[in-house]
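Here is a short report on one structure.

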Amino acid sequence: MTVHSLVHSNATLLLLNGIDLKIVSAHLGHNDIQTTANIYIDVLKSQQQMVAQLIEFNLEI
């Protein structure tokens with residue numbers, strides 16, 4: 001396991017646990033939040049899907 005993979009795993013876990021993208025971006029030392037968003041776009045999309053499913057579930061109740 002490389003340092004890069006540990007950093008990537010750390011950022012992914014933070015995002016999946018609801019930590020704001022801006023905070024994760026600063027944690028990673030990125031100068032631009034867009035850099036973080038571009039790298040972790042798949043994680044962000046999965047979060048959007050989870051939010052949509054949660055809303056759908058709550059509307060069915």
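## A buried serine

At 3% relative accessibility, Ser25 counts as buried (buried is under 20% relative accessible area, exposed over 50%, partly exposed in between, with a 1.4 Å probe and protein chains only). The model is predicted: local features need pLDDT of at least 70, side-chain atom pairs count only at pLDDT 80 or more, and totals for chains, interfaces and linings use all residues. Residues are numbered from 1 along each chain as its sequence is written, and side-chain values use heavy atoms, leaving out hydrogens and water.

Ser25 sits in helix H2 (helices are DSSP runs of H or I, at least four residues, numbered from the N terminus). Neighbours within four places in sequence aside, Ser25 contacts His30, Asp32, Ile33 and Thr36 (contact means heavy atoms within 4.5 Å). Val3 is 22 residues from Ser25 in sequence, and the C-alpha atoms are 17 Å apart.

## Two sides of H2

Helix H2 covers residues 21-28, with Leu21, Val24 and Ser25 buried. Viewed down the axis of H2, the buried residues fall within an arc of 100°, so they line one face of the helix (the arc is that of the directions from the helix axis to the C-beta atoms). An α-helix has 3.6 residues a turn, so residues three or four places apart point the same way.

## The ends of H2

At the start of H2, Asp20 brings a side-chain oxygen to within 2.9 Å of the backbone nitrogen of Lys22. After H2 comes Gly29, with a positive phi near 85°.

Val51, Ile55 and Leu59 make a nonpolar surface patch of about 310 Å². Patch residues have over 30% relative accessible area and no salt bridge, and nonpolar side chains are joined within 5 Å. A salt bridge puts a side-chain nitrogen of Lys or Arg within 4 Å of a carboxyl oxygen of Asp or Glu.

Ile55 belongs to helix H4. At 47% relative accessibility, Ile55 counts as partly exposed.

Methods. Polar contact = N/O pair within 3.5 Å; in protein donor to acceptor, adjacent residues only side chain to side chain. Patch = residues over 30% accessible without salt bridge, like charges linked within 9 Å, V, L, I, M, F, W, Y side chains within 5 Å. Areas by Shrake-Rupley, 256 points an atom, 1.4 Å probe, with all protein chains shown as cover.
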